[in-house]
Amino acid sequence: MTTKHSDVHQYIESTFGSDIKSLKNIKKIYEETLKKKQTLEQQLSVVTTEVPTKIEEALSSAKSSLEKVIEVQKSKDSLTIQASECLEKCAPPVERFQQSVSRVNEIEKYISYMKWITKIEETSGEIQQSILSDSMKDACIIFKELVNYHTELVNHGTNCCNLTGFLKKMILFWYDILKDKLSKELDAILKLINWPFISAPGPHTISKSANGQDKQMPSPFTAPDPACTLESIIGNLLNIQLPKILLQENSDEATGGSCSDNRAPSSNGAKDEYDQLLLPFQHLLRPLKKRFRYHFSGSKQTNDIRKPEWYLAQILNWIGHHSGFLEHTIQPILDKHEHGHIDALVIFTQGLLQLVVSKLANDMEEIIYYDDVFSHVVDEVLMFDRELRSAYNIPDMVLKIYGPLIVFSQPTCMKKWLTIERLFAVERLDALLSSDDAWKSKFELSDIDDVDEMKTPECAESFVSMLLAITDRYKNLPSMQEQIQFLDLQLLLLDDFRIRLTQVFRSFANNHCDDTITSILNAAYYVTVVLQEWADNIFFLELKYQKDKNNNLSTTSSVVPNSLLNLGESSKQATASTSEHSTDDTVFEPMVVLYERIYNEGVERIGQLILAEFKARSRPYLNDQWLALPPAEEQVTLIVSRSACGMLEVLQDRLYLFQQRLCTMLFTQLWRWVAEAVDIYLFSEMVLENHFNEGGALQLQFDITRNLFPLFGPYTGKPENYFKRLKETCHLLNLHLGNALLLEEVFEEMRNQSDDYDVKTRSDPVAVLAEMGIHLLTPSNARNILNRRVDWTSN
């Protein structure tokens, strides 16, 4: 009851409050309350009458549904029993039917099996009949159908091992017969055209005889037409070309076919590669293989491991002598027989490369123990590889798979190669830096202006050339992993060269005017520019991607001996810090940072030394009588202050000296640094420490604008932009008296403003200074400079 009374009390207080006049609304409130009461009674009546009825209906419906579910469950049980009884009755017939179906399927398999055997035997008979009737073209076409049978069975995954075995034997049987017969015919035709072309380039095409159009095969009574017969035989050989799976079977089971003496003797891999060549090219290459083995194996004098150029040059000569015939005679035949996707010259070269790889792999077992021989072999093979790419456009993918560089990709050869490269590079570096002309530019004695803006010393130029030569040697290696190993070696050499530059720089640190100092800075800048250009090359971008992908940013320890690892601790730290930040950096980014540090610190040190000389010669100028100089009207003409001549002379001499010695970019960096330092020094040590009369301010302006600024005129069109403090100081000191007083009033008003003064008004001095062209000096500095004019402050 207490709660109800409290609610009533709150309702009355909220409705009537303390205003007596609000009691006139009691009737209206009573009526509204009565209506709410009637509405609530009606709702309660509905609930008490309708809801029980709905609940009863819902219960009744639920009971009815439950009864139906029970009936359905009973029906389901009854049907299940009936179905089980039916299945038991049908089980014996079903079993007998399944047995019959199984026997039918088995018989159908037997029939299909026999059909395949019959088809194979009939096809074999057709081949035999075609051979007996001397129709080799039909025999080869039918043989191709026999091969297609095998392909169809294998593709469908047949389990009939005996059938596929029988078919394989049948195919290989006819393959050897057809190949032998076609080989003899091809040998006869090649002999007519004097194949191979050993001593001189062969003809591009074979002229057809007048009646050659009707002849397809040579006759024992008439001379064969070489052009037509060659096309026919090559077409037949292409038709009997076996797929890889059958080629492997043939290589395993062959005991001495017509081509068994042509396979590379080094390994089974070489034999397999040879067998996978198209049959026409196996026969075209056979005489060349015999010649190659005769001259470059055994005890022949031409078989000398120290002279790899002999057999490499022979291979290049053979490619050159046969290229025209292959492109203009063999290639059209391939195109005509649906082998246009094959380049005749490329596949011919591929076959010859197998000879080179086999020969090189056999010799490498002995070559690897002799550093000089190994180096010579590497150089010759690289020249051979470049010749194939440039002269004959052999695709990169073919050379990566079949080229002789794959021999050097073996771990033992790769380790040997890297070791020799490292030793040669270190010796080369020693020789470069110890040369008398190491720090001289080869263009410094030239009479041509601007011939070498970089002013690169010979040691840096030769070092970069050495790195470029290393890149040229390894960029065509088959695997990126080997390329990354050479890249790591280049990074170590870059770090080694950087350390040597730093050591030489420190040894000349006390003599900043020595030519060697500037040459070192030019060298560091040149290497930086080159590395930045290389880093954008797609080749190095791919290597960077591969290094990041393999999480192999520090593979040097597994490539280069420990004796060189101590050369680049800072390089490793830079590499580690770079890799922590982002993988978007270039592969040379750590080295670029370290080389930039060399020339940035060097330029700053030279600038500090120039500034020190400038300061020493500027003492008289700082202590000049700026208060006692005569006004402008008493001077006939202004001349530079005598006390300023020494410091300006030092500045001019040193800038000219280093302009001649530093490259353009570094000298620009130097004179800008010097200009900034001189600007700060004169502003802080001279302007802010002295007072000026009218004549002193005018003389300062003349010294700065007509003598200091022109010293930097040859290097920039607007030297005053690099002396903003002095420029603005001269402007303030030489204001007209009225403008100076107005500006002083602005400063005074700002000083006297209260804290709650409008912010906009508080920034007025900055705006006023900006209108006068003063942007760098703050209002406090500007006021301080105004106070340096004694004739203003005294008024």
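The model is predicted, so local features need pLDDT of at least 70, side-chain atom pairs count only at pLDDT 80 or more, and totals for chains, interfaces and linings use all residues. Residues are numbered from 1 along each chain as its sequence is written, and side-chain values use heavy atoms, without hydrogens or water.

Helix 10 spans residues 344-367. Helices here are DSSP runs (H or I, at least four residues), numbered from the N terminus. Helix 10 has 24 residues and reaches 33 Å from first to last C-alpha, close to the 34 Å expected. The expected span is 1.5 Å times one less than the number of residues. Of the 24 residues, 20 are buried, so helix 10 is largely enclosed by the rest of the structure. Buried means under 20% relative accessible area, exposed over 50%, and partly exposed in between (1.4 Å probe, protein chains only).

The structure holds 31 aromatic pairs. Rings of Phe, Tyr and Trp (its six-membered ring) pair if their centres lie within 6.5 Å; planes under 30 degrees apart are stacked, over 60 edge-to-face, and the rest tilted. Tyr-474 and Phe-539 form a tilted pair, 5.8 Å centre to centre, with 45° between the planes. Tyr-474 lies in helix 15 and Phe-539 in helix 18, 65 residues apart. Tyr-474 is buried at 0% relative accessible area. Phe-539 is buried too, at 15%. Phe-540 and Phe-588 form an edge-to-face pair, at 5.0 Å and 65°. Both rings belong to a cluster linked by ring pairs, which also includes Trp-417 and Trp-534.

Leu-66 lies in helix 2. At 54% relative accessibility, Leu-66 is exposed.

Technical notes:
Helices (H or I, at least four residues) and strands (E, at least two) are DSSP runs, numbered from the N terminus.
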